[in-house]
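Colleague: I am new to this structure. Could you walk me through how to read it?

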Amino acid sequence: MRAVQIDRHGGPDALIVREIAEPALAPGEVIIRAAASSLNPVDWKTRAWQVGPRLPATLGRDLAGRVVAANDTAQEGGAPVIAMSAQIATGRGTWSDLVTLPGHLLAPAPSSIALADSASLPLTGTTALQALRSARTVAGERILVIGAAGAVGGLAVQLAHLAKLIDTHELRLRVAECYPLDDIRSAYERFEAGGLIGKVLITF
Ligand SMILES: NC(=O)c1ccc[n+]([C@@H]2O[C@H](COP(=O)([O-])OP(=O)(O)OC[C@H]3O[C@@H](n4cnc5c(N)ncnc54)[C@H](OP(=O)(O)O)[C@@H]3O)[C@@H](O)[C@H]2O)c1
């Protein structure tokens with residue numbers, strides 16, 4: 001299967017799309033066939049900075065895909081799911097055709113949007129929620145969201161205002177551009193150029 005890996009930290013030219021062995025399934029784990037992932041600031045930092053797991057490493061944190069095998073009775077084969085992998089701590093990057101994660105990290109993908117688009121939600125949505133919760137705002141209070149045109153800020157504004165879910169059609173995800181996995185370097189270059197109104201997705 002294909003995976004985006006680095007053998008060294010550096011610019012987009014450090015990214016290599018290569019064939020690696022398919023993952024094994026441990027108790028409590030699930031194998032997901034990736035439909036898409038997205039680019040987040042932590043992904044270029046993990047690529048460029050001396051952080052993260054031992055090299056070579058597979059990059060990527062966000063994931064949208066379908067369950068192909070499960071050692072977890074709560075997960076059903078074929079189910080569309082989203083997840084976020086703690087790649088720096090565990091070394092499990094999501095930028096590969098098949099990804100193995102503990103079942104408890106999966107959530108059902110929203111049904112009202114394309115599965116690939118939902119890859120823009122896990123890390124940004126978690127961050128926006130955490131920021132709002134740590135601000136301990138109460139109803140009626142006014143908040144200032146800096147970077148509200150960005151991925152996290154765009155969700156934080158909506159969550160603060162609406163406190164509703166995607167499947168009520170009131171929380172909108174913004175996808176700026178999609179790149180196939182094999183064009184990961186171009187995706188990074190576009191992402192790092194900035195000025196995006198929405199996420200950059202990687203499709204499989
Ligand atoms: N994405 C995540 O899941 C995540 C998770 C944890 C932490 N974070 C952190 O949260 C922050 C936002 O991340 P993001 O993914 O939302 O990034 P993003 O999509 O690139 O959004 C950042 C927004 O802030 C704007 N901006 C840049 N510099 C600014 C400045 N000096 N003053 C005001 N606005 C400015 C950007 O405008 P331009 O594009 O025009 O420059 C963009 O609209 C970053 O510091 C990131 O490291 C993100």
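**Reading the model step by step**

Modeller: Start with the inventory. The protein chain has five helices and 10 strands. Keep in mind that this is a predicted model.

Colleague: How does the radius of gyration of the protein chain fit a compact globule of 204 residues?

Modeller: Set the value beside what a compact globule would give. For 204 residues that is near 17 Å, and the protein chain has 17 Å, so the two agree. Along the principal axes, the C-alpha trace spans about 55 × 40 × 25 Å.

Colleague: What share of the residues in the protein chain is buried?

Modeller: Burial is read from neighbour counts. A residue with 20 or more other C-beta atoms within 10 Å of its own is buried. Here, 34% of the 204 residues are buried.

Colleague: What share of the contacts links residues 24 or more positions apart?

Modeller: Take the contacts with a separation of 6 or more. In the protein chain, 70% of these join residues 24 or more positions apart.

Colleague: Now a sheet. What is the strand order in the open sheet of three strands?

Modeller: Read across the sheet, strand by strand. The order is β2-β1-β4, and the pairing is antiparallel. β2 (15–19) and β4 (57–58) are the edge strands, each pairing on one side only.

Colleague: How many bridges join β1 to β2?

Modeller: Two strands count as paired from at least two bridges. Strand β1, residues 2–6, has five bridges to β2, and the two run antiparallel.

Colleague: Let me try one residue. Is A107 buried, exposed or partly exposed?

Modeller: Locate the residue, then count. A107 lies in strand β8, residues 106–108. Partly exposed residues fall between the cut-offs of 12 or fewer for exposed and 20 or more for buried. A107 has 14 C-beta neighbours inside 10 Å, so A107 is partly exposed.

Colleague: Which residues does A107 touch, beyond those up to four places away in sequence?

Modeller: V81, I82 and A83. Q75 and A107 are 32 residues apart in sequence, and their C-alpha atoms are 9.7 Å apart.

Colleague: Last, the ligand. Which residues come nearest to the ligand?

Modeller: List the shell, then sort it. Of the 15 residues around the ligand, the nearest are P41, L123, G147, G150 and V152. Helices contribute as well: α3 (122–135) and α4 (151–162) each supply at least two shell residues.

Colleague: How do the residues of that shell divide by type?

Modeller: Seven are nonpolar, eight are polar and none is charged.

Key:
Residues numbered from 1 in each chain as written. Predicted model: local features only at pLDDT ≥ 70, side-chain atom pairs only at ≥ 80, totals over all residues. Near = placed C-beta within 6 Å. Helix = DSSP H or I, 4+ residues; strand = E, 2+ residues; numbered from the N terminus. Nonpolar A, V, L, I, M, F, W, Y, C, P; charged D, E, K, R; others polar. Rg over C-alpha atoms; globule rule 2.2 N^0.38 Å. Contact = placed C-beta atoms within 7 Å.
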